[in-house]
Amino acid sequence: MSKIRRIGTALGLAALVISPIASASLLDNGSFEQALTLNQAGGGWGYFDPNDVDGWSSDTNDIEIWNSGFNGVDAQDGTRFAELNAHPNTTGSAFTLFQDFDTVANETYQLTFAYRARVGQESFNVTVADLDMDIINFETGDWTLFSGMFTASSESTRLMFTSINPDTETLGNFLDNVSVVAKVPEPGTLALLGLGLAGLGIARKRKS
Ligand SMILES: [Ca+2]
Ligand SMILES: [Ca+2]
Ligand SMILES: [Ca+2]
């Protein structure tokens, strides 16, 4: 086996070992793909008690899920997405959508998600650990991707979306493809590359 092929094999092994770790989201049902029965508008959308929705919760409202293509809005990922401004609003307060997940204190994570406005200029807040942002949401024709880093402060962390505009009206602020990943690939890559190079060293030694 040539040296180049050995390096290739080592890198290939490293990539194989790393990729599932790097890409595994810590969230449950982050893309809203759970096979709930959408019973509004002939399967276009539905709203659900938070207890019936995997992963996600709300203390104030039902959770609204749309089927890709309904009202001309395609999911950004998979076949379903959520509308933060859910249906109905019985409390008269802002809409919330949150999920708690396991973290390690002082470790850094990356949050990514897609958002899209429904009617015009909309906005919402996203809060997770030390990340707290109000996001202006004005693009009705396409999804916008958000990416941000946060550092956990405890063993359980809450990711929370809250409607700002509209505040209590039921139309607005689509969300999809929400993901949280641990930012560990750099040290992991280095360690595995080290192992791979050590392996090369051993192979070379045996040959000589
Ligand atoms: Ca989705
Ligand atoms: Ca739930
Ligand atoms: Ca709605």
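**Notebook: calcium sites, sheet and rings**

I looked up F161 first: F161 is buried, with a relative accessible area of 0%. Buried means under 20% relative accessible area, exposed over 50%, partly exposed in between (1.4 Å probe, protein chains only). The model is predicted, so I noted that local features need pLDDT of at least 70, side-chain atom pairs count only at pLDDT 80 or more, and totals for chains, interfaces and linings use all residues. Residues are numbered from 1 along each chain as its sequence is written, chains are lettered from A and ligands numbered from 1 in the order in which they are written, and side-chain values use heavy atoms, with hydrogens and water left out.

**Rings.** I listed ring pairs next. Rings of Phe, Tyr and Trp (its six-membered ring) pair if their centres lie within 6.5 Å; planes under 30 degrees apart count as stacked, over 60 as edge-to-face and the rest as tilted. The count comes to 17 aromatic pairs. W56 and F161 have ring centres 6.4 Å apart and planes at 50°, so this pair is tilted. W56 lies in the loop between β1 (45–48) and β2 (63–67), and F161 in strand β9 (residues 156–165), so the pair ties together parts that are 105 residues apart in sequence. Strands (E, at least two residues) are DSSP runs, numbered from the N terminus. I then checked W66 and F174: the pair is edge-to-face, 4.8 Å centre to centre, with 65° between the planes. W66 sits in strand β2 and F174 in strand β10, 108 residues apart. Both W66 and F174 are buried. Ring pairs also link F32, W56, F113, Y115, F124, F146 and F161 into a cluster.

**Calcium.** Donors are N, O and S atoms within 2.8 Å of the metal (3.2 Å for Na, K and Ca); water is not among the atoms, so sites may look incomplete. For the calcium ion (ligand 2), I found P50 (O), V53 (O) and W56 (O) at 2.3 to 2.4 Å. V53 is buried at 5% relative accessible area, and W56 is buried at 1%. R80 and D176 are buried.

**Sheet.** I traced four strands in an open sheet, in the order β4-β9-β6-β7, with antiparallel pairing. Two strands pair if DSSP finds at least two bridges between them. β4 (96–102) and β7 (131–137) stand at the edges, each with a single partner strand, so one side of each is left without a neighbour in the sheet. Seven bridges join β6 (residues 122–128) to β7. N125 stands opposite D134 in β7.
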